[in-house]
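Here's a quick briefing to read with the model open. Start with the overall picture, then zoom in on one helix.

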Amino acid sequence: MQGMSERQYAVHVGLSRGAIQKAKTAERLVLYPDGSINAAASDTRRAEMTDPSKTRKPPAPKLKPVPEAAVAAVGDTLREQGLAVPAVGGGTTFLQAKTANEVLKAQERRIRLQKLKGELIERARALALVFRLAREERDTWVNWPARAAALMAAELSAASSDTTGHQITVEPAAMQKVLEKHVRAHLDELAEVRPDFR
């Protein structure tokens, strides 16, 4: 029966070929008459002859600690999507972190698509637009009394004149009605303002 070569046995036990040659020289391996290695018998002999304190243990995997902010972000993302959130101090599973990552990637793609379609603009640009529109509206209202005063005076004098041509006192109700009419007309003008996204 043919056994393993030195190279095959080295792969089998996870050692270098040099270590297998040393074990062979020290007669810690069981060999077939053709010089090949009997793997099962050699494993048993090596286990019996090896000092446990001198065995090389595989290094423990080095895991980097995950910052609390990252764990909290995973929880927040899962919570926003209505998915199960890890208990406080319970740790986050790989599957939960992967799900949160996929959700965030999908949200990022959706935002990028909305920007490309022009449905979404940058916050600074929106603030500048709102500021400009508010300033234009304020300036329009500041100039409005000067524009409307002459028109209101003409309407009120026409409404308050008697047939003899003498001026009489203006009724508050008439004043309110004329003022309301002009304010509504001005508001209709302002409604026509369309944002310019430059």
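A contact here means heavy atoms within 4.5 Å. With that in hand, residues 24 or more positions apart account for 44% of the contacts in the chain with a separation of 6 or more. Keep in mind that this is a predicted model.

**The chain overall**
- You're looking at 7 helices and 0 strands.
- Read from the N terminus, the elements go α-α-α-α-α-α-α.
- The chain has 198 residues, and 17% of them count as buried.
- Its accessible surface is about 15600 Å², with 59% of that belonging to carbon and sulfur atoms.

**Helix 3: the buried side**
- Helix 3 spans residues 39–49, and its buried residues are Ala 39, Ser 42 and Arg 46.
- These three sit on the same side of helix 3 because they cover an arc of only 60° around the axis.
- The general rule behind this kind of spacing: an α-helix has 3.6 residues a turn, so residues three or four places apart point the same way.
- Part of the cover over the buried residues of helix 3 comes from helix 1 (6–13).

**Helix 3: the start**
- Which residue's side-chain oxygen reaches the backbone nitrogen of Ala 40 at the start of helix 3?
- That's Asn 38, whose side-chain oxygen comes to within 3.4 Å of that nitrogen.

Technical notes
Residues numbered from 1 in each chain as written. Predicted model: local features only at pLDDT ≥ 70, side-chain atom pairs only at ≥ 80, totals over all residues. Heavy atoms only, no water. Helix = DSSP H or I, 4+ residues; strand = E, 2+ residues; numbered from the N terminus. Buried < 20%, exposed > 50% of the residue type's maximum accessible area, 1.4 Å probe, protein only. Areas by Shrake-Rupley, 256 points an atom, 1.4 Å probe, with all protein chains shown as cover. Arc of directions from axis to C-beta. Polar contact = N/O pair within 3.5 Å; in protein donor to acceptor, adjacent residues only side chain to side chain.
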